[in-house]
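User: I'm new to this structure and would like to learn how to read it. Could you walk me through a few features, with the general idea and then the case here?

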Amino acid sequence: MAGPLSNLRVIECGNLVSAAYAAKLMADMGAEVIKVEEPTGDLSRLWGPFPGDEPHPEKSGLYLYLNCNKKGITLDLLKPKAQEVLRRLAAQADVLIHNYHPRQMAQRGLDYAVLSQVNPRLVMVSISPFGQNGPHSGYKGYDINVMAAGGWAWINGWPGHPNEPPLKAYGYQTEYQAGVTAALTAMAALWARLRIGKGQHVDVSGQEVVASMLEMTYTYWPYMGMVAVRWGERPIHPVDFFECRDGWIFVLCVEEHQWQNFVELLGNPEWARWDVFANRLLRAQNYDVLRPLLAEEVRKWTVEELYRAASERRIPFAPASTMGDLLRSEHLRARGFFVTISHPVAGTYEYAGAPYKFSATPWELRSPAPTLGQHNREVLGGYLGLSDEEIDSVTK
Amino acid sequence: MQEVRKGPLAGIRVCDFSWVWAGPYCTLQLAHLGAEVIRIESTKRICVTRLLPPWAEDRRDPNAAGYFNQYNQGKRSILIDLSRPEGAQLAKRLVAVSDVVVENFAKGVIERWGLGYEELKKVKPDIIMISMSGYGQSGPQSHYISYGPAQVPMAGFSTLTGYRHWDRPMHLGLSYGDPNAGLHAAFAILVALWHRHHTGEGQYIDMSQWESTIALLGDAILAQQMNGRQPPRLGNRDPMMAPHGFFRCRPAEPGTLPEGMLLEDRWISIACRTDEEWAALCQVMGRPELAQDPRFATLEARKANEDELERIVEEWTIQQDPFEATKKLQEAGVAAFPPLCNKELAEDPHLAARGYYVEKEHPVVGVRRHLGIPWRMSETPCEVWRAAPVMGQDNEYVFRTLLGLSQEEVNRLREMRVIA
């Protein structure tokens with residue numbers, strides 16, 4: 001059946017993750033997404049991972065994952081004729097999401113001032129590292145810079161290691177979060193369009209998206225005049241990784257009853273009754289004593305045994321999962337999380353699936369990521385009536 | 001307080017049973033977009049974020065908690081004891097006049113109170129409800145409980161992230177699964193509203209925080225299948241860029257940093273993807289000859305000689321102030337920025353110029369500088385209309401004005417301790 005967004009057409013342009021993930025979220029719910037790549041292809045085609053570690057533009061895992069369910073066309077946006085083609089596509093679209101630098105879109109005659117003339121009902125979402133205005137709006141920022149500017153990198157490290165640098169998270173996480181925010185605000189602007197009858201421009205700032213998700217650490221400054229540091233000790237314990245016989249587990253006792261249940265699971269060792277471990281704050285203060293005692297106990301278990309035994313006692317431990325663990329997970333399998341997709345060049349793999357399950361309007365994977373320019377003729381010929389010659393002149 | 005409701009979701013009402021961080025982060029987005037979000041709290045079950053530091057000047061008052069006050073801006077709060085039948089009955093009356101229900105309890109909790117989707121559908125047939133549990137509503141582990149910090153290792157971030165010279169799992173500095181689930185959930189709700197508008201049909205959304213976190217690692221899932229191993233821990237490096245990392249800067253002058261910071265703990269992030277960016281960095285470092293140096297002239301060469309490359313870059317950064325170096329590098333077209341701490345984030349001139357900060361009067365903590373809305377909309381501007389609520393701040397409005405209870409009914413429920 002058609003997804004809930006099947007009455008929407010979305011144009012996506014840019015590179016790497018943020019715009020692509022935003023458009024993927026909409027495509028997976030049924031929207032028709034036309035992905036516009038430069039003739040050399042989205043940079044995510046270079047990123048990998050690749051089968052056998054051999055780079056190939058149609059076999060990059062990052063690209064394959066982010067671009068299922070989309071139509072792919074190429075446009076050389078440095079050419080005025082190609083810019084005109086994009087304007088004509090925008091005239092027929094509901095949403096345009098991009099992550100080009102603010103200056104680039106204006107230089108190409110593709111900023112909102114122009115596109116809203118072409119299509120007043122268009123919702124345009126511009127994702128950028130620092131937003132469309134303000135003194136840093138001209139700044140460049142890749143994921144690591146945005147993670148720094150948003151305050152996340154500063155707090156990511158390990159207690160007791162002030163000499164290590166701030167640490168980046170795996171993958172382009174700030175782009176994923178900007179991407180979800182872009183999809184969310186695109187939907188909000190579409191909702192508003194039902195009422196006001198016209199589209200609008202949405203400015204998503206990566207720095208602000210990241211700063212908005214710093215848990216309680218930000219407010220230490222305005223509330224207590226304190227700086228949160230990545231190497232600071234945790235206020236409660238145990239909240240730590242421990243090594244089991246066959247891997248690592250995350251031991252987490254937030255509530256007192258969870259600690260009590262854990263102690264019971266360990267067979268009530270005598271030290272667990274010591275006054276110095278009487279509550280979560282004391283356990284943190286005396287953690288240098290507690291950690292080796294716990295480590296010795298945890299080492300007797302396998303990850304799976306301890307994780308299951310703890311979880312059955314409602315203690316929220318977690319394995320330090322590898323990708324192989326996830327692919328083998330009975331729970332994820334039972335929920336049908338992974339989805340098999342065959343791509344004509346890259347081959348057949350299981351992909352991470354739906355982040356949510358809708359009762360009435362299912363998420364679905366309909367088609368693999370497009371090969372470079374796969375839908376040039378369908379879209380540019382079919383929707384805009386361009387001749388083959390015209391298509392060649394703008395897509396290469 | 002007279003409400004000035006703006007934003008694209010003006011007119012949408014959200015009945016918010018959620019607590020801690022993932023659920024409230026979802027409803028924060030909806031509040032930012034102009035929906036009326038009513039949080040149902042209870043004195044028996046106070047939100048964890050009210051009970052954790054920081055509190056204003058360390059006064060341990062649930063109404064003075066920075067964590068809560070950051071993530072509940074622009075929402076209303078009422079107090080109902082949902083474990084009492086009369087409380088659940090009252091909550092249903094609120095659902096009957098709402099568009100959306102959000103909850104993130106462990107599986108089964110909301111059903112035990114008689115507030116599961118099947119029940120709520122009876123009072124509001126087109127209601128949109130989302131449950132955001134750790135493991136989802138089905139599957140052999142759906143009865144396990146999950147806390148925010150556990151999602152990071154469970155989804156695989158801990159084995160992928162980390163310093164290259166450390167052979168151990170790492171965390172991410174925050175419970176990343178929570179805000180990620182919150183954002184995805186907010187998007188899902190808008191999709192369901194879109195569907196409802198076109199068909200009249202509501203629906204139930206089962207969200208697993210675990211799955212929505214794995215959705216951020218789709219490339220690594222494929223890597224495992226392509227090559228039988230997952231991507232190695234790269235520290236701050238990147239497969240497609242070099243240099244790419246945090247480089248140590250000149251120590252701060254004594255007395256210039258707040259208490260608790262170390263003078264040597266000064267860094268700058270620098271990332272070069274193209275050879276042009278690398279050449280520009282060489283210019284700024286005063287070593288233009290390095291751009292032609294065969295060890296560094298191409299990305300491939302820079303990746304092959306990355307240790308030496310990083311040593312050379314740090315030779316320069318160690319003499320620089322991170323903010324001054326950022327200015328020089330950005331002017332030359334190089335992506336760079338210092339890792340901001342919370343104080344620097346609160347005093348960022350760019351964020352101030354963009355109007356990102358929110359400073360609203362709060363009944364207990366007064367005016368504090370909160371972080372605001374990470375987007376701007378040209379036609380339906382979004383605005384935080386009010387600071388986070390104190391517990392039960394909107395009892396009167398919700399019970400009397402919205403639900404039309406008589407003063408006698410309110411008094412009776414209060415005496416029964418169903419409401420506070």
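**Reading a helix, a hairpin and an interface**

Analyst: Let's start with a helix. In H15 of chain A (residues 303-312), the buried residues are A:Val303, A:Leu306, A:Tyr307 and A:Ala310. Looking down the axis of H15(A), these buried residues stay within an arc of 100 degrees, so they line one face of the helix. Keep in mind that this is a predicted model.

User: Why do residues that are spaced out in sequence end up pointing the same way in a helix?

Analyst: An α-helix has 3.6 residues a turn, so residues three or four places apart point the same way.

User: And what covers the buried residues of H15(A)?

Analyst: The cover includes strand S8 (248-252), helix H12 (256-265), helix H14 (287-298) and strand S9 (318-319), which belong to chain A. After H15(A) comes A:Arg314, with a positive phi near 60 degrees.

User: Let me try H14(A). Which of its residues are buried?

Analyst: They are A:Tyr287, A:Leu290, A:Leu294 and A:Val298. Down the axis of H14(A), the buried residues fall within an arc of 60 degrees, so they line one face of this helix. On the other side of H14(A) you'll find A:Asp288, A:Pro292 and A:Glu296, which are exposed. The buried residues pack against strand S7 (239-243), S8, helix H13 (280-285) and H15 of chain A.

User: How do I read paired strands?

Analyst: Look at the sense of the pairing, then at who faces whom. In chain A, strands S10 (residues 339-343) and S11 (residues 347-351) pair in the antiparallel sense over five bridges. S10(A) and S11(A) make a hairpin with three residues between them. In this pairing, A:Ile341 stands opposite A:Tyr349 in S11(A).

User: Which strand of chain B pairs with strand S6 of chain A?

Analyst: That's strand S14 (residues 375-377) of chain B, which pairs with S6 (residues 201-205) of chain A in the antiparallel sense over three bridges. Here A:Asp203 stands opposite B:Arg376 in S14(B).

User: How many residues of each chain take part in the contact?

Analyst: Chain A puts in 127 residues and chain B 124 residues. On the side of chain A that touches chain B, helix H9 (residues 173-196) gives the most, with 16 residues. That side of chain A divides into 82 nonpolar, 31 polar and 14 charged residues.

User: Last one: is B:Ser98 buried or exposed?

Analyst: For this you count neighbours, and 20 or more other C-beta atoms within 10 Å makes a residue buried. B:Ser98 has 24, so B:Ser98 is buried. B:Ser98 sits in the loop between helix H4 (85-96) and strand S4 (100-103) of chain B. Leaving out residues up to four places away in sequence, B:Ser98 touches B:Arg13, B:Val14, B:Cys15 and B:Lys124.

Definitions and conventions. Residues are numbered from 1 along each chain as its sequence is written. Chains are lettered from A and ligands numbered from 1 in the order in which they are written. This is a predicted model: local features need pLDDT of at least 70, side-chain atom pairs count only at pLDDT 80 or more; totals for chains, interfaces and linings use all residues. Helices (H or I, at least four residues) and strands (E, at least two) are DSSP runs, numbered from the N terminus. A residue is buried if 20 or more other C-beta atoms lie within 10 Å of its own, exposed if 12 or fewer, and partly exposed in between; C-beta atoms are placed from the backbone. Two residues are in contact if their C-beta atoms, placed from the backbone, lie within 7 Å. Two strands pair if DSSP finds at least two bridges between them. Ala, Val, Leu, Ile, Met, Phe, Trp, Tyr, Cys and Pro count as nonpolar, Asp, Glu, Lys and Arg as charged, and the others, Gly among them, as polar. The arc is that of the directions from the helix axis to the C-beta atoms.
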